[in-house]
Amino acid sequence: MNWLSTIALLMAAYLSVFAEAFCSGVRQMLGAQIDLLPALMVYVGLSGGLTVLTLLAVLGGLCFDAFSANPLGISVLPLFTTGLLIYCNRELILRDQPYAQFVLGLGASAVVPFLTVLSLLGAGEQPLLGWGSLWQWLVMASGGAVLTPVCFNVFDRFNRALTYPVAAESTFRADREIKRGRS
Amino acid sequence: MFRRPHYIALSLVVLLVLIILNLPNQTATQIKLALGGLFLPLFGLTGSGQNLLEKAGNALIPRRHLLQQIDQLRAENEQWRVQAMQSAPLWQENNRLRQALAWPKQTPWQRKLGRVVLRDPANWWRTLQIDLGGRDGVVTNQPVLTADGLVGRIDQVGQRHSRVVLIGDPNCRIAALVAETRDSGMIVPASSGVLDESLVNLTYLPNRSAIKPGQKVITSGLDGIFPNGIAIGQIVDTNSVGFGLYTEARVKLSANLRHLEEVWVLFP
């Protein structure tokens with residue numbers, strides 16, 4: 001992942017946090033706001049390096065908390081741990097399969113709010129919770145699951161547009177060449 | 001599964017989070033406001049976009065419709081003027097009696113109109129941001145309302161924006177009373193209010209109160225934040241809680257918190 005892709009990812013996080021605070025259409029329709037940051041963490045966990053993962057979790061989490069009544073920094077650790085778990089197991093995941101992307105998005109979008117609420121309760125805050133929170137959790141997880149393959153599609157296209165295509169390797173090997181004739 | 005660089009990164013992030021969480025409240029608020037400042041270009045862009053859309057929409061409204069609206073507003077204005085004329089002597093009489101009894105004089109509310117710019121992206125809080133800030137004279141704990149009723153109070157103030165905690169948020173508790181029976185209690189979030197923003201609970205009401213559905217709930221002024229007499233909502237139903245120790249009532253809010261576009265901030 002080159003530096004342009006890193007900037008694009010951080011910009012996407014910046015814009016997505018603003019969009020979540022600015023657009024309340026989904027909230028009014030479904031009763032919950034969908035968070036794009038877990039979907040971005042899944043993408044970075046499977047495609048980026050540890051530095052990008054850390055940057056995205058810290059900056060995305062801080063921006064989210066800046067617009068929210070959350071204590072500053074409370075969203076950073078849930079995002080980072082989710083991203084790190086995916087990053088450490090990325091050799092085992094079929095990155096290009098939309099099904100795998102969907103399932104990972106579902107898991108990440110369910111785990112991140114759950115861990116954030118746990119952290120809030122641990123920090124002595126009293127978030128607004130009730131039976132309706134289960135519905136909100138379902139909406140957040142499903143929304144994140146749908147958005148994750150979209151994220152992969154958009155950023156993979158962006159990467160392909162900005163990087164040189166990988167040259168196909170020839171099967172020719174100089175050390176296996178059969179030389180005919182004398183000498 | 002975890003290698004050394006992973007442990008190092010995890011430790012660094014945990015350390016950073018612990019440092020940020022343990023910052024003094026004022027510093028954390030200032031960092032929040034500074035981070036919010038990074039979004040000012042987007043605020044500007046969305047503001048101009050909305051203005052453009054509004055202008056385009058205004059240009060499309062037919063002249064006949066506008067004239068009809070002007071006539072309607074004129075009629076309403078006349079009604080309000082007559083009502084104000086009728087209530088002026090009452091106001092004067094009230095002030096005279098207050099003076100005679102040495103009661104503190106009531107001053108009319110000063111207010112400023114603010115536009116709602118953002119809502120809390122987290123689903124577990126009920127806050128929003130308005131485009132009035134410290135430069136407009138806004139300070140924390142000022143009441144925020146619409147023409148329909150109370151909305152909440154100012155929680156954090158930046159230079160250009162302020163955060164409003166809405167009724168129904170766990171951090172916004174209001175001393176209230178039932179207008180008809182004068183029974184006082186406290187407005188707290190309703191358990192069913194996670195999805196339905198229009199419902200809150202009026203709790204700690206006396207056990208033998210004659211509260212009925214449809215009665216009005218207003219602020220009592222006992223909390224020292226909200227002046228008394230601001231409309232909050234109407235009683236929906238009541239039930240006895242705490243093994244009959246006190247009564248709790250569900251209240252339907254007068255202000256529509258879902259579709260807030262402009263709000264008034266009250267100044268002392």
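## Strand pairing around β4 of chain B

Two strands count as paired if DSSP finds at least two bridges between them. In this predicted model, strand β3 (residues 143–145) of chain B meets that criterion with β4(B), the two being antiparallel and linked over 3 bridges.

Strand β4 (residues 150–157) of chain B is mostly covered, 7 of its 8 residues being buried.

Strand β10 (residues 231–241) of chain B pairs with two other strands described here. Strand β9 (residues 216–219) of chain B runs antiparallel to β10(B) and is joined to β10(B) by 3 bridges; Val217(B) has Gly233(B) in β10(B) as its bridge partner.

Strand β11 (residues 246–253) of chain B is also antiparallel to β10(B), and 8 bridges join the two. One pair of facing residues is Ile235(B) and Val251(B), the latter in β11(B). The hairpin of β10(B) and β11(B) has 4 residues between the strands, and Gly242(B) takes a positive phi near 60° in this hairpin.

Helix α3(A) is largely enclosed by the rest of the structure, because 10 of its 11 residues are buried. Those buried residues are Leu37(A), Pro38(A), Ala39(A), Leu40(A), Met41(A), Val42(A), Tyr43(A), Val44(A), Gly45(A) and Leu46(A). Their cover includes α1 (3–22), α4, α5, α6 (98–122) and α7 of chain A.

One of these covering helices is α4(A). The axes of α3 (residues 37–47) of chain A and α4(A) come within 10 Å and cross at roughly 170°. The helices are therefore roughly antiparallel, α3(A) to α4(A). From α3(A), the contact draws on Leu37(A), Leu40(A), Met41(A), Val44(A) and Gly45(A); from α4(A), it draws on Val52(A), Leu53(A), Leu56(A), Ala57(A), Gly60(A) and Phe64(A). Sorted by class, this contact has 9 nonpolar, 2 polar and no charged residues.

## Nonpolar cores

The largest nonpolar core has 82 residues, of which Leu40(A) and Val151(B) touch the most other members. Helix α4 (residues 50–67) of chain A gives the largest share of this core, 10 residues. Leu40(A) is in contact with Leu9(A), Ala12(A), Ala13(A), Leu56(A), Gly60(A) and Cys151(A), neighbours within four places in sequence being left aside. Another core, of 9 residues, lies apart from the largest one and has among its members Ala69(A), Ile74(A), Leu120(A) and Trp125(B).

In soluble globular proteins, nonpolar side chains tend to be buried together.

## Contact between chains A and B

The contact takes 42 residues from chain A and 38 residues from chain B. On the side of chain A that touches chain B, the elements giving two or more residues are α1, α4, α5 and α7 of chain A. The largest share of this side, 9 residues, comes from α4(A). By class, the side of chain A that touches chain B has 28 nonpolar, 13 polar and 1 charged residues.

One helix pair spans the two chains: α5 (residues 76–88) of chain A and α1 (residues 4–21) of chain B pack at an angle of about 175°, and their axes are 10 Å apart. The angle makes α5(A) roughly antiparallel to α1(B). Val76(A), Leu77(A), Phe80(A), Leu84(A) and Cys88(A) in α5(A) meet His6(B), Leu10(B), Val13(B), Val14(B) and Val17(B) in α1(B). This contact of α5(A) with α1(B) has 9 nonpolar, 1 polar and no charged residues.

## Phe158 of chain A

Phe158(A) is placed in helix α7 (residues 132–162) of chain A. This residue counts as partly exposed because Phe158(A) has 15 C-beta neighbours inside 10 Å. Phe158(A) touches Ser5(A) and Ala8(A), residues up to four places away in sequence not being counted. Although Leu4(A) and Phe158(A) are 154 residues apart along the chain, their C-alpha atoms are separated by 9.6 Å.

Terms used
Residues numbered from 1 in each chain as written. Chains lettered and ligands numbered in written order. Predicted model: local features only at pLDDT ≥ 70, side-chain atom pairs only at ≥ 80, totals over all residues. Axes fitted to C-alpha atoms, helices over the stretch in contact; angles between N-to-C directions. Parallel < 35°, antiparallel > 145°, perpendicular 65-115°, else oblique. Contact = placed C-beta atoms within 7 Å. Nonpolar A, V, L, I, M, F, W, Y, C, P; charged D, E, K, R; others polar. Core = buried A, V, L, I, M, F, W, Y, C linked by C-beta atoms within 7 Å. Buried ≥ 20, exposed ≤ 12 C-beta atoms within 10 Å, placed from the backbone.
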